[in-house]
Amino acid sequence: GSLADAVSGIGGGDMGAGATDEAENGAVAVLPPPQSVQFDLIVTAETCYTEKSTREVAALIRSLLRRSPSARALVASKRYYFGTGGSSSLFRDVVGEAGDMAVEVVRTFDDGASNIREVMELRWL
């Protein structure tokens with residue numbers, strides 16, 4: 001897609017919120033780009049905090065990542081989100097359920113004092 005197409009796909013808030021200017025929690029959401037638009041690189045962070053959001057992120061990546069050997073998605077997540085049920089391991093499990101994508105931890109941030117963070121890379125098998 002073009003840069004204009006990519007910009008139209010940038011947004012925040014609930015991935016299932018649709019075309020609302022204000023999601024229920026006050027976060028802004030926009031419509032995703034048209035289904036014909038695919039991306040070679042998708043980057044997301046702090047989006048796997050609940051099981052629901054984890055499944056939505058995995059589905060969104062699966063629908064928007066170009067089916068190309070070089071296409072990648074990078075997902076940065078805490079190893080565990082306290083009290084919400086989300087985690088990087090849950091994300092890896094959800095992605096693995098379909099059996100069509102590989103996911104691996106490519107970087108771990110552990111300062112010994114705060115929650116461990118991981119960057120995961122997804123690619124088509």
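Let's start with Tyr 49, which counts as partly exposed because its relative accessibility is 34%. Keep in mind that this is a predicted model. Across the whole structure, a search turns up 2 aromatic pairs. In one of them, the rings of Tyr 49 and Tyr 81 have centres 6.5 Å apart and planes at 75°, so the pair is edge-to-face. Tyr 49 belongs to the loop between β1 and α2 (51-64), while Tyr 81 belongs to the loop between β2 (72-78) and α3 (88-98), so the pair ties together parts 32 residues apart in sequence. Tyr 81 has a relative accessibility of 7% and counts as buried.

Tyr 80 and Phe 82 also form an edge-to-face aromatic pair, with 4.9 Å from centre to centre and 75° between the planes. Is each of these two buried or exposed? Tyr 80, at 40% relative accessibility, counts as partly exposed, and Phe 82 is exposed, with a relative accessible area of 67%.

## A charge over a ring

Another ring to look for is that of Trp 124: the charged end of Arg 67 sits over it, 3.7 Å from its centre.

In soluble globular proteins, nonpolar side chains tend to be buried together. Here the largest nonpolar core has 20 residues, and those touching the most other members are Ile 42, Ile 61, Leu 65, Val 75, Phe 91, Met 101 and Leu 122. Two or more residues of this core come from each of α2, β2, α3 and β4 (117-124).

Thr 44 is found in strand β1 (residues 41-45) and counts as buried, at 15% relative accessibility. Setting aside neighbours within four places in sequence, Thr 44 is in contact with Val 57, Leu 74, Val 75 and Ala 76.

Which residues of α3 are buried? They are Ser 88, Leu 90, Phe 91, Val 94 and Val 95. Viewed down the axis of α3, these buried residues fall within an arc of 160°, so they line one face of the helix. An α-helix has 3.6 residues a turn, so residues three or four places apart point the same way.

The cover over the buried residues of α3 includes α2, β2, β3 (101-109) and β4. On the face turned away from the buried side of α3 you will find the exposed residues Asp 93 and Glu 97. After α3 comes Gly 99, with a positive phi near 75°.

Technical notes: Residues are numbered from 1 along each chain as its sequence is written. This is a predicted model: local features need pLDDT of at least 70, side-chain atom pairs count only at pLDDT 80 or more; totals for chains, interfaces and linings use all residues. Side-chain values use heavy atoms; hydrogens and water are left out. Helices (H or I, at least four residues) and strands (E, at least two) are DSSP runs, numbered from the N terminus. Buried means under 20% relative accessible area, exposed over 50%, partly exposed in between (1.4 Å probe, protein chains only). Contact means heavy atoms within 4.5 Å. Rings of Phe, Tyr and Trp (its six-membered ring) pair if their centres lie within 6.5 Å; planes under 30 degrees apart count as stacked, over 60 as edge-to-face and the rest as tilted. A charge sits over a ring if NZ of Lys or CZ of Arg is within 6 Å of the ring centre and within 35 degrees of the ring normal. A nonpolar core is a set of buried Ala, Val, Leu, Ile, Met, Phe, Trp, Tyr and Cys residues joined through side-chain atoms within 4.5 Å. The arc is that of the directions from the helix axis to the C-beta atoms.
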